[in-house]
Amino acid sequence: MDRIKLTKDIKDILNILNANGKGYIVGGYVRDYLLGLIPKDCDFCTDIDYSKLKDIFKDYSPKEIGKAFGIIQIVYKGKSYEIAKLRRDVTFTSFRNIAEVEFINDIYEDLKRRDFTVNAIAYNGSNLIYLSQVEIDDIKNRVLRFVGNGKKRIEEDPLRILRGIRIAGEKKLLILEETKQEIEECKNEIKRVSIERVQDEFFKMLKGENSSNSFKSLYDLGVFEELFPKTYKNIKLNEILEDLDKIDSLFLLEESLVLKLVVIFNKSKDELNYLKLDNKSKKSILNIIENLEKIKNICSKYEIKKMIMTIGLEDFKNILKIENLRDDISLIKEKFNEIIMNNEPIFLKELVISGKDILNLGIKDGKKIKELLEKSLDIVLKNPELNQKNYLLKLIEEEKIWSEEYL
């Protein structure tokens, strides 16, 4: 277990650090490798002074991303890596954010400040470094445990509650009973964390692998209730978990966030305001929630097109995805696919005539022109083959556009 396979680039960076001081790979890369998973990001720590560190990597676009914490980011062969100075957390704000750190040269002291035992293992290129056998045993047994006193770790930074739940869910780790108890007893501390940090971790959880595992722990440990009390009362846990699993199996993780937020907040959309969503995403999610049930009452291609006109194509597609999780909507999907495959007109911009064409007929009233375009589109929605310029203009010119034939 003492050898970790490194890519050439990672090995190069580690060698540079060790040639100028002491360098270590820490955190998720080591954890995931030891758990038998494919590591994604790789972070380093070192005893090299911050200013010297920037000079050593001056050819690799060093960027300060946390000078107070001794962190720089470099770009090595097109990929970004973070390198942090070994440190000890000294003081915290009233909101439990780290306020002051002390830079040190002892890797063991640095590991003591880490959140979970599975994250408190370093690698220097030759050997694993850890505080005690507990870290290695927890990796072998795939369990999640706080480093040292769990309550103290949470008091230092309550976001560790969410991070631990996410890591346990993603990596399929068992949360120890004592760790669960520590989380339950301190769950109200999560309210001290800014919504931006909470949202970032919550969204990572939903976009990560095995999101249903994470959400179940979030719910069972009472943390979800602390964050979203109204939603907590309205959801049916088993249905949510089933939906999350289906979304993960059917769609790419990066495109699943909107679907999962709709599924979770469907019965209590007001609490979406608690999240700092961008306007486009928030509008889309609310649009989907408000129109979700309506799809059950449509059956014709004309009704499908009218709904798409009202809510937009992308939101309609997402409604289909969500509704398909629980109900058989194969007939609606079949008709929708026909509309798309046949390029049947849905929006005014797809009409072969424009306001200018009607104006050329001698009709000057703007309001009437708009009504005539909308009526023409309605005819075409029912009969796509009638989307012909001469035909529609003739109907307008002869005032047959209002005929009962097209009502």
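Start by selecting Phe-316. Setting aside neighbours within four places in sequence, Phe-316 is in contact (heavy atoms within 4.5 Å) with Ile-295, Ile-298, Ile-304, Met-307, Ile-308, Ile-311 and Phe-336. A word on what you're looking at: this is a predicted model, where local features need pLDDT of at least 70, side-chain atom pairs count only at pLDDT 80 or more, and totals for chains, interfaces and linings use all residues. Residues are numbered from 1 along each chain as its sequence is written, and side-chain values use heavy atoms, with hydrogens and water left out.

A nonpolar core here is a set of buried Ala, Val, Leu, Ile, Met, Phe, Trp, Tyr and Cys residues joined through side-chain atoms within 4.5 Å; buried means under 20% relative accessible area, exposed over 50%, and partly exposed in between, with a 1.4 Å probe and protein chains only.

Next, show 257–265, which is helix 14. Helices (H or I, at least four residues) and strands (E, at least two) are DSSP runs, numbered from the N terminus. Helix 14 is largely enclosed by the rest of the structure, because 8 of its 9 residues are buried; Lys-260 is among them.

Move on to Glu-271, in the loop between helix 14 and helix 15 (279–291). Which side chain of opposite charge is nearest to Glu-271? That is Lys-230, 6.0 Å away, and buried Glu-271 has no salt bridge (a side-chain nitrogen of Lys or Arg within 4 Å of a carboxyl oxygen of Asp or Glu). For charges, Lys and Arg count as positive and Asp and Glu as negative, while His and the chain ends are not counted.

Finish with the strands, which pair if DSSP finds at least two bridges between them. Strand 2 (residues 43–46) runs antiparallel to strand 1 (residues 23–26), joined by 4 bridges, with Tyr-24 partnering Cys-45. Strand 2 also pairs with strand 5 (residues 79–85), in the parallel sense over 4 bridges; look for Phe-44 and its bridge partner Ile-83.
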